[in-house]
Amino acid sequence: MLAAQRALADAVRQLAGDGLPPDAPIGLVQRWAGIPLNGCGGGYGCFNVLTAGPASGEGGGTRPVDLAAVPHGSTFVMATELTPRGPRTRTLLTYGQSANPASPHYTDQTRLFARKAWVTERFTEAEIDSAPHLRVTTLVR
(Lines give C-alpha, C1' and ligand atoms only; values in the text may rest on other atoms or scores of the structure.)
Protein backbone atom coordinates (compact mmCIF):
# COMPACT_ATOMS: atom_id res chain seq x y z
CA MET A 1 0.00 0.00 0.00
CA LEU A 2 2.83 2.38 0.81
CA ALA A 3 4.34 1.91 -2.68
CA ALA A 4 0.99 2.81 -4.30
CA GLN A 5 0.65 5.92 -2.14
CA ARG A 6 4.20 6.97 -3.00
CA ALA A 7 3.56 6.43 -6.72
CA LEU A 8 0.39 8.54 -6.56
CA ALA A 9 2.19 11.29 -4.65
CA ASP A 10 5.04 11.24 -7.21
CA ALA A 11 2.54 11.49 -10.08
CA VAL A 12 0.73 14.43 -8.45
CA ARG A 13 4.08 16.18 -7.83
CA GLN A 14 5.15 15.65 -11.46
CA LEU A 15 1.87 17.07 -12.78
CA ALA A 16 2.12 20.03 -10.41
CA GLY A 17 5.68 20.65 -11.60
CA ASP A 18 4.32 20.86 -15.14
CA GLY A 19 1.57 23.24 -14.00
CA LEU A 20 -1.17 20.63 -14.49
CA PRO A 21 -3.95 19.59 -12.10
CA PRO A 22 -4.05 15.96 -10.85
CA ASP A 23 -7.24 15.32 -12.83
CA ALA A 24 -5.84 16.67 -16.12
CA PRO A 25 -7.25 14.80 -19.15
CA ILE A 26 -4.68 12.93 -21.26
CA GLY A 27 -5.17 15.39 -24.14
CA LEU A 28 -3.89 18.19 -21.92
CA VAL A 29 -0.78 16.22 -21.02
CA GLN A 30 0.00 14.51 -24.37
CA ARG A 31 0.03 16.85 -27.34
CA TRP A 32 1.72 17.34 -30.69
CA ALA A 33 1.83 20.96 -31.91
CA GLY A 34 -1.07 21.72 -29.58
CA ILE A 35 -3.26 18.84 -30.79
CA PRO A 36 -4.41 16.39 -28.07
CA LEU A 37 -3.21 12.81 -28.61
CA ASN A 38 -4.73 9.60 -27.28
CA GLY A 39 -2.74 6.54 -26.24
CA CYS A 40 -0.35 5.74 -23.43
CA GLY A 41 3.12 4.42 -22.69
CA GLY A 42 3.93 0.81 -23.56
CA GLY A 43 4.25 -0.23 -19.92
CA TYR A 44 0.52 0.32 -19.38
CA GLY A 45 -0.70 -2.28 -21.86
CA CYS A 46 -2.24 0.13 -24.38
CA PHE A 47 -2.85 -1.02 -27.93
CA ASN A 48 -1.77 2.41 -29.14
CA VAL A 49 1.63 3.16 -27.61
CA LEU A 50 2.35 6.87 -27.66
CA THR A 51 4.41 9.15 -25.47
CA ALA A 52 4.50 12.92 -25.92
CA GLY A 53 4.68 15.90 -23.58
CA PRO A 54 2.48 18.99 -23.34
CA ALA A 55 4.87 20.98 -25.58
CA SER A 56 5.89 18.25 -28.06
CA GLY A 57 5.98 19.52 -31.62
CA GLU A 58 5.84 23.17 -30.58
CA GLY A 59 9.28 23.97 -32.00
CA GLY A 60 8.79 21.91 -35.13
CA GLY A 61 11.22 19.55 -36.74
CA THR A 62 12.46 16.36 -35.22
CA ARG A 63 14.91 17.79 -32.66
CA PRO A 64 12.97 19.47 -29.85
CA VAL A 65 15.01 21.45 -27.32
CA ASP A 66 13.67 19.41 -24.40
CA LEU A 67 14.68 15.83 -25.12
CA ALA A 68 12.19 14.64 -22.48
CA ALA A 69 9.46 15.93 -24.81
CA VAL A 70 10.59 13.75 -27.73
CA PRO A 71 7.47 11.86 -28.83
CA HIS A 72 7.65 8.19 -29.61
CA GLY A 73 5.27 5.34 -30.14
CA SER A 74 2.96 4.56 -33.02
CA THR A 75 4.41 6.97 -35.57
CA PHE A 76 2.99 4.98 -38.49
CA VAL A 77 -0.18 2.91 -38.11
CA MET A 78 -1.62 0.60 -40.77
CA ALA A 79 -4.62 -1.74 -40.76
CA THR A 80 -5.18 -4.00 -43.78
CA GLU A 81 -7.98 -6.40 -44.60
CA LEU A 82 -7.40 -8.89 -47.43
CA THR A 83 -10.66 -9.26 -49.37
CA PRO A 84 -11.57 -11.14 -52.58
CA ARG A 85 -11.69 -7.72 -54.34
CA GLY A 86 -8.22 -6.74 -53.13
CA PRO A 87 -6.71 -5.24 -49.99
CA ARG A 88 -8.57 -2.62 -47.98
CA THR A 89 -6.00 -0.55 -46.11
CA ARG A 90 -6.12 2.47 -43.85
CA THR A 91 -3.00 4.26 -42.66
CA LEU A 92 -1.97 7.15 -40.48
CA LEU A 93 1.19 9.12 -39.69
CA THR A 94 0.64 10.13 -36.07
CA TYR A 95 2.90 13.21 -36.21
CA GLY A 96 1.97 14.37 -39.72
CA GLN A 97 3.81 14.06 -43.02
CA SER A 98 6.28 16.92 -42.69
CA ALA A 99 8.89 18.01 -40.11
CA ASN A 100 8.46 21.62 -41.28
CA PRO A 101 5.96 23.52 -39.06
CA ALA A 102 5.25 25.91 -41.96
CA SER A 103 4.00 23.02 -44.11
CA PRO A 104 0.26 22.28 -44.30
CA HIS A 105 1.29 18.64 -43.84
CA TYR A 106 2.99 19.23 -40.45
CA THR A 107 -0.17 18.36 -38.51
CA ASP A 108 -2.55 17.14 -41.25
CA GLN A 109 -2.63 13.51 -40.16
CA THR A 110 -2.15 14.41 -36.47
CA ARG A 111 -5.55 16.10 -36.64
CA LEU A 112 -7.00 12.92 -38.17
CA PHE A 113 -5.36 10.86 -35.41
CA ALA A 114 -6.88 13.07 -32.72
CA ARG A 115 -10.34 12.46 -34.27
CA LYS A 116 -9.58 8.71 -34.57
CA ALA A 117 -9.85 8.99 -38.36
CA TRP A 118 -7.71 7.26 -41.00
CA VAL A 119 -6.41 7.74 -44.55
CA THR A 120 -7.92 5.19 -46.97
CA GLU A 121 -5.27 3.84 -49.32
CA ARG A 122 -5.90 3.07 -52.99
CA PHE A 123 -4.76 -0.16 -54.69
CA THR A 124 -6.81 -0.91 -57.81
CA GLU A 125 -6.46 1.12 -61.03
CA ALA A 126 -10.00 2.46 -60.53
CA GLU A 127 -9.23 3.53 -56.96
CA ILE A 128 -5.97 5.18 -58.00
CA ASP A 129 -7.63 6.95 -60.94
CA SER A 130 -10.33 8.29 -58.59
CA ALA A 131 -7.81 10.09 -56.37
CA PRO A 132 -8.90 13.76 -56.30
CA HIS A 133 -5.35 15.16 -56.53
CA LEU A 134 -3.84 12.47 -58.78
CA ARG A 135 -0.81 13.61 -60.73
CA VAL A 136 0.91 11.19 -63.12
CA THR A 137 4.52 11.61 -64.14
CA THR A 138 5.88 9.47 -66.95
CA LEU A 139 9.62 8.89 -66.95
CA VAL A 140 11.19 8.28 -70.33
CA ARG A 141 14.50 6.56 -70.62
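User: In this predicted model, how many residues does the hairpin that joins S5 to S6 pass through?
Analyst: Strand S5 covers residues 76–83 and strand S6 covers residues 86–93, and the two pair in the antiparallel sense over 8 bridges. The model is a predicted one, and in it the hairpin joining S5 to S6 runs through 2 residues.

User: Which residue in S6 is the bridge partner of Ala79?
Analyst: The pairing of S5 (residues 76–83) with S6 (residues 86–93) is antiparallel. Within this pairing, the partner that Ala79 finds in S6 is Arg90.

User: Which residue in S7 is the bridge partner of Thr91?
Analyst: S6 also pairs with strand S7, which spans residues 119–120, in the antiparallel sense and over 2 bridges. On the S7 side, the bridge partner of Thr91 is Val119.

User: Which residues form a nonpolar patch on the surface together with Ile128?
Analyst: Ile128 is placed in helix H4, residues 125–129. With a relative accessible area of 31%, Ile128 is partly exposed, and a patch takes residues with over 30%. The patch has about 250 Å² of accessible area together, and the residues that form it with Ile128 are Leu134 and Val136.

User: By about how much of a helix are Asp10 and Arg13 separated?
Analyst: The side chains of Asp10 and Arg13 meet in a salt bridge of 2.7 Å, N to O, one of the 2 salt bridges that the structure holds. Asp10 is partly exposed at a relative accessible area of 39%, whereas Arg13 is exposed at 53%. Because they are 3 residues apart in helix H1 (residues 2–17), their separation is about one helical turn.

User: How many residues apart are Trp32 and Tyr106, which link distant parts of the chain?
Analyst: Both residues count as buried, Trp32 at 6% relative accessibility and Tyr106 at 5%. Ring pairs also link Tyr95 with Trp32 and Tyr106 into a cluster. Trp32 lies in strand S1 (residues 31–32) and Tyr106 in the loop between S6 and helix H3 (108–114), which puts the two residues apart by 74.

User: With which residues is Thr107 in contact, leaving aside its neighbours within four places in sequence?
Analyst: Thr107 is found in the loop between S6 and H3, and at 12% relative accessibility this residue counts as buried. Once neighbours within four places in sequence are left aside, the contacts of Thr107 are Trp32, Ala33 and Ile35.

Conventions:
Residues numbered from 1 in each chain as written. Predicted model: local features only at pLDDT ≥ 70, side-chain atom pairs only at ≥ 80, totals over all residues. Heavy atoms only, no water. Patch = residues over 30% accessible without salt bridge, like charges linked within 9 Å, V, L, I, M, F, W, Y side chains within 5 Å. Areas by Shrake-Rupley, 256 points an atom, 1.4 Å probe, with all protein chains shown as cover. Salt bridge = Lys/Arg side-chain N within 4 Å of Asp/Glu carboxyl O. Helix = DSSP H or I, 4+ residues; strand = E, 2+ residues; numbered from the N terminus. Buried < 20%, exposed > 50% of the residue type's maximum accessible area, 1.4 Å probe, protein only. Pairing = 2+ DSSP bridges. Phe/Tyr/Trp six-rings, centres within 6.5 Å; stacked < 30°, edge-to-face > 60°. Contact = heavy atoms within 4.5 Å.
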